[in-house]
Amino acid sequence: MDYLKSVVPSSLFSERGSNLVVINPGSANIRIGLASQNTPLEFPHCIARYTTQVPKINVQDQMLSTQVTPAQYMEREKAYDTIATALGIPFLGEEVAKNSFPRKMGRIDGNNPQNSRKEAAFDWTDVYGKDSNSSPAVESSENRATKKEPMDPDQHEDENDEELSPSKHQYREFIFGEEALKISPKEPYTLRRPICRGHLNISQHYPMQQAFEDVLAIWDFILTEKLHIPLTERNMYSALLVLPESFDSREIKELLSIVLRDLHFSSAVVHQEGLAAAFGNGFSTGCIVSMGAQVTSVICIEDGVALPTTQKTLPFGGEDISRCLLWTQRHHQTWPQIRTDLYTKPIDLLMLNRLKESYCEIKEGKVEAVAVVHSYEDGMPAGSHKTSLTALNVPPMGLFHPTLLVPEAYPPPPRVWFLDYEDMLEDTWHMEYQRRPEMSDGLYPSMNVGYPMWDNYPVFAAKPKKEEKLGLAEAITRSILSTGRLDLQRKLFSSIQLIGGVALTRGLVPAMEERVLLAIPSTEAIDRVEVLQSRGNPAFVPWKGGAILGILDFARDGWIRRDEWIQNGVRVGKGKKYKDSQFLQAQAMYYINS
């Protein structure tokens with residue numbers, strides 16, 4: 001302990017974090033890096049695979065239902081009018097009446113110097129591999145299946161050029177990240193997102209084994225090409241998984257198997273995203289609101305331990321705000337007459353996300369902006385269209401009025417798939433210990449965690465997976481009030497922490513404080529709500545917290561070794577359990593408080 005009091009934090013991170021890889025996967029992006037780094041690499045969590053299937057599917061999920069029903073459409077218009085009243089802007093019907101004639105929009109040169117850097121058009125990805133620079137995986141794929149003629153007939157014009165550079169016409173078997181999102185729909189590729197809406201993206205169109213293989217391929221590519229950790233050296237590294245609360249028990253086990261069995265890490269451990277976020281911001285107690293691309297979740301942390309009964313999962317996120325932005329502009333006739341398809345052309349969603357981040361904000365009154373919108377036609381250079389966007393403060397208000405955000409109807413995998421017959425905590429369920437006298441029996445099911453300093457602290461056996469159809473303010477209020485203790489409730493309402501990319505929305509913090517305060521019942525003795533400022537990029541806070549937890553866990557008694565996991569898997573009664581992270585949390589809190 002004397003060492004901890006004298007060591008410089010930067011030295012501690014450098015010494016203990018150089019062989020620890022922290023992985024924080026999400027539905028749209030994965031944040032990954034060595035714990036010794038200040039910030040992680042953020043990489044789109046997707047892969048495009050070469051395909052010879054006819055007819056070709058551009059996106060693996062495009063077969064799923066994406067149609068808005070008449071009832072949903074009416075609810076969306078009603079939600080718009082409710083938001084318009086709160087923001088002091090005209091109702092939807094009033095705006096449409098005024099804009100009975102389409103607005104004039106001009107096409108401009110994409111290289112116009114007046115365009116800002118943020119509005120620069122995306123370029124289509126070059127899908128052809130080169131022998132000299134291709135990776136072994138790509139080279140093997142070229143030898144097997146990519147010696148195909150190009151689909152564009154114009155490529156046949158210069159036969160001499162084909163003879164000089166034959167590798168130009170060999171398709172890459174895999175394309176990852178943002179490159180995969182910018183592939184032209186005419187190319188023979190199918191985009192896959194292995195994680196969707198906070199779960200493994202398993203459906204009748206996306207088999208379970210394909211999802212596992214895609215996760216493995218993406219993570220292996222990042223480790224090898226971006227972090228420069230080849231497979232042969234990974235036995236010298238450990239992995240710490242920071243996983244969202246929405247993940248089910250079996251999903252966690254499958255990801256753990258990928259990390260230990262397939263990626264060859266020597267050991268691994270799992271931490272909850274909400275808890276890691278609290279540590280990343282340097283707080284031991286707070287209400288963590290994680291606002292990702294496709295899922296928003298709420299969970300409360302008390303003294304370094306997550307309270308699972310307070311968890312709320314909301315099926316919407318930043319991408320739904322982007323889709324709402326497109327719907328709003330089309331309804332106001334401000335969107336150019338171009339083919340924008342967010343489901344079969346991922347590059348259009350990239351453009352919408354960038355427009356949302358640049359122009360959307362929450363404030364009263366009319367919010368308009370002149371922006372450049374790009375059109376992406378198959379294989380053609382991007383076209384630029386200058387237009388005036390309106391009602392830019394409406395889409396982010398969908399966080400508080402979720403009927404404005406109509407998500408795709410992704411059919412969930414059958415619940416039988418998630419049954420965990422090898423429960424990691426089975427051996428501790430029947431063991432009792434003393435708890436604080438002020439804690440109710442129903443809220444705190446007790447369970448021994450085998451660490452003396454936590455003998456009188458509550459630990460939880462299970463967590464709900466139910467998605468709530470609530471606005472964000474109501475979800476936060478219900479989550480905090482479910483704790484049942486006034487002193488803790490007041491502390492949590494004054495310690496709300498926003499994480500995730502959506503947390504960067506301008507004007508969100510005061511809007512959150514105001515609407516949460518209004519959502520608290522008048523019978524509750526609470527009159528103060530405060531959103532704490534994040535100590536870093538809100539999207540990176542959980543990753544940073546995971547790095548802190550891993551570095552401060554000196555004993556690593558709860559970590560799982562690769563050979564143990566492969567040979568024995570789950571061993572009931574053994575001390576090393578992948579979900580039993582309370583033991584590790586206790587150690588980290590002990591070091592911090594000392």
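Modeller: The open sheet consists of six strands in the order β3-β2-β1-β10-β11-β19, and their pairing is mixed. At its edges stand β3, residues 41-44, and β19, residues 560-561. Each of these two has a single partner strand, so one side of each is left without a neighbour in the sheet.

Strand β2 covers residues 29-34 and runs antiparallel to β3, with four bridges joining the two. Within this pair, Ile-32 stands opposite Leu-41 of β3.

A helix also belongs to this picture. Helix α8, formed by residues 208-226, lies across β1 (20-25), β2, β3 and β10 (238-243). Its direction makes an angle of about 135 degrees with that of β3.

The model is predicted, and the confidence in it should be kept in mind. The average pLDDT of the chain is 79, and 72% of the residues score at least 70. Where pLDDT is low, the predicted coordinates should not be read in detail.

As for covalent links between cysteines, the structure holds zero disulfides. For Cys-287, the nearest cysteine sulfur belongs to Cys-300 and is 4.1 Å away. Cys-287 counts as buried because its relative accessibility is 0%. Cys-360 is likewise in no disulfide, the nearest cysteine sulfur being that of Cys-324 at 8.5 Å. With a relative accessible area of 3%, Cys-360 is buried.

Technical notes
Residues are numbered from 1 along each chain as its sequence is written. This is a predicted model: local features need pLDDT of at least 70, side-chain atom pairs count only at pLDDT 80 or more; totals for chains, interfaces and linings use all residues. Side-chain values use heavy atoms; hydrogens and water are left out. pLDDT is the predictor's confidence in each residue, from 0 to 100. A disulfide is a pair of cysteine sulfur atoms within 2.5 Å. Buried means under 20% relative accessible area, exposed over 50%, partly exposed in between (1.4 Å probe, protein chains only). Two strands pair if DSSP finds at least two bridges between them. Contact means heavy atoms within 4.5 Å. Axes are lines fitted to C-alpha atoms, for helices over the stretch in contact, and angles run from 0 to 180 degrees between N-to-C directions.
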